[in-house]
Amino acid sequence: MADSGSSSSSKKVLLAIDDSECSHYALEWALENVHNKIASSGLVLFHAISNDYSGVYAGTYGGAPPELINSIQENQKKFGNALLEKAKQISAKHGIEAETVIEIGTPKEVICEAAEKLGIGLLIVGSHSRGAFQRAFLGSVSNYVVHNAKCPVLVVRK
């Protein structure tokens with residue numbers, strides 16, 4: 001039977017990262033423990049830039065100039081690119097050549113959207129291991145992704 005290239009084993013792995021220690025641990029863990037899957041199908045390192053500027057608007061009494069928002073976004077993109085470049089270097093040390101993607105939006109939503117758009121076979125996220133009380137108020141990206149992604153999700157806890 002011919003392989004159409006759409007089987008789960010040939011679909012890429014997406015690893016969502018941020019600047020947390022949990023995210024760095026998830027990257028290292030995945031590169032050590034899911035290396036064969038990643039090596040055979042490819043790795044996408046993904047970073048989401050939040051578009052929640054409510055603090056900026058509150059600090060400027062609701063009248064934040066567009067230049068300020070643009071400046072914040074540009075700085076976040078620079079930071080995100082540096083974060084992804086560091087993750088890419090870590091991946092290379094494990095013999096994995098990764099591609100990188102940055103999206104702007106609500107992180108938990110853009111992670112799921114990117115996984116679907118890119119036809120991802122496995123989505124890996126780290127967990128901050130927040131308790132039930134913190135999750136109720138702060139939300140949980142990993143919990144949202146587990147319940148809303150249209151592909152298998154691996155949550156790496158430290």
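Reply: Helix α4 is followed by G95, whose phi is positive, near 80°; helices (H or I, at least four residues) and strands (E, at least two) are DSSP runs, numbered from the N terminus. This is a predicted model, in which local features need pLDDT of at least 70 and side-chain atom pairs count only at pLDDT 80 or more, while totals for chains, interfaces and linings use all residues. Residues are numbered from 1 along each chain as its sequence is written, and side-chain values use heavy atoms, with hydrogens and water left out.

Me: How many residues does α4 have, and how far does it reach?

Reply: Helix α4 covers residues 66–93, which is 28 residues, and reaches 41 Å from its first C-alpha to its last, close to the 40 Å expected at 1.5 Å a residue; the expected span is 1.5 Å times one less than the number of residues.

Me: Which residues in α4 are buried?

Reply: The buried residues of α4 are I69, Q73, G80, L83, L84, A87, I90 and S91, where buried means under 20% relative accessible area, exposed over 50%, and partly exposed in between (1.4 Å probe, protein chains only).

Me: Which residues of α1 meet α4?

Reply: From α1, H24, L27, E28 and L31 meet A87, I90 and S91 in α4, with contact meaning heavy atoms within 4.5 Å. The axes of these two helices, α1 and α4, come within 10 Å and cross at roughly 25°; axes are lines fitted to C-alpha atoms, for helices over the stretch in contact, and angles run from 0 to 180 degrees between N-to-C directions.

Me: Why are α1 and α4 called roughly parallel?

Reply: With axes crossing at roughly 25°, α1 and α4 are therefore roughly parallel to each other, since angles under 35 degrees count as roughly parallel, over 145 as roughly antiparallel, 65 to 115 as roughly perpendicular and the rest as oblique.

Me: Changing topic, what is in the largest nonpolar core?

Reply: That core has 20 residues, and those with the most contacts inside it are L15, L27, L31, I38, L43, L45 and I124; a nonpolar core is a set of buried Ala, Val, Leu, Ile, Met, Phe, Trp, Tyr and Cys residues joined through side-chain atoms within 4.5 Å. At least two residues of this core come from each of β1 (13–16), α1 (21–33), β2 (43–49), α4 and β4 (122–127).

Me: And E32, buried or exposed?

Reply: E32, which is found in helix α1, is exposed, with a relative accessible area of 55%.
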